[in-house]
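Please consider the model shown here.

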Amino acid sequence: VFLGMAFDAVDGSLARLTHSTSDLGAQLDSLADVVTFGVAPAFMMLRLVSLYYGPGDGATILGPDTGNLYPRLCWSIAAIYICCTALRLARFNVETVSASEDAHLWFKGLPSPGAGGAVASLTLLHQHLVLVTWKAELPAGFGSTSSLFIPAATLLCAFAMVSPMRYPHFVNRYLKGRKSLPAVAAMLVVVAIGVWWFHEALAIGMTGYALSGPIGSLFQRRPPAAPDAA
């Protein structure tokens, strides 16, 4: 998922740089994104839930025919998430009228890499806390109880993808062009934090980006109301 994010961040720029953009390439890119940022994170969520609410063999993925209501709900969330990923990518292809970089500064709705990264990073953080950080002193029931938040986050990311909220194109807006020395130093600090606390920094960064849309919508300046007619 994260390798896919890295390649997805530069493939459009490379295509524009080499003047090789095409409608076929855009459709193939969307197809790859559906699998990488739609199917894969949904599978990770189901796999995590199956560890705690499955038959206990550690290898079986809960099916939608399971008698328990919760696995059925998680399957429904996975299906909704994949469908919203496909809708998000289809809307992007239809509404993006230009291949120029100026047309790729903002996204309408949470980008599928951001949604997939949020779900995958939270899943990785959960397993890191359970299997590494708190392995010796894991609170009773923490693994199974905290895993309930992953399907909820998956559903929220699904709705954010098809929402009208604005999200910045991180690479085009913040990483391109000449940077000042303080900006470069800040980037190096962020990289150092990410290397030192990889799982925590990844989950915080991806979740923060997913939340930037609704937070930005709350603080977005609204046009003044029209005066009443005399």
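## A position in a helix

Helices are DSSP runs of H or I with at least four residues, strands are runs of E with at least two, and both are numbered from the N terminus. This is a predicted model, in which local features need pLDDT of at least 70, side-chain atom pairs count only at pLDDT 80 or more, and totals for chains, interfaces and linings use all residues. Residues are numbered from 1 along each chain as its sequence is written, and side-chain values use heavy atoms, with hydrogens and water left out.

Ser-50 belongs to helix α2, which covers residues 23-53. With a relative accessible area of 5%, Ser-50 is buried (buried is under 20%, exposed over 50% and partly exposed in between, for a 1.4 Å probe and protein chains only). Leaving aside residues up to four places away in sequence, Ser-50 touches Thr-60, Ile-61 and Leu-62, where contact means heavy atoms within 4.5 Å.

## Cysteines

When a disulfide is taken as a pair of cysteine sulfur atoms within 2.5 Å, the count is zero. Cys-83 is in no disulfide, its nearest cysteine sulfur being that of Cys-84 at 7.0 Å. Cys-83 is partly exposed at 49% relative accessibility, whereas Cys-157 is buried at 8%.

## The salt bridge

A salt bridge requires a side-chain nitrogen of Lys or Arg within 4 Å of a carboxyl oxygen of Asp or Glu, and the structure holds one. Glu-95 pairs with Lys-108, their closest N and O atoms lying 3.7 Å apart. Because Glu-95 lies in helix α3 (residues 69-95) and Lys-108 in strand β1 (residues 106-108), the pair ties together parts that are 13 residues apart in sequence. Glu-95 is partly exposed, with a relative accessible area of 42%, and Lys-108 is also partly exposed, at 39%.
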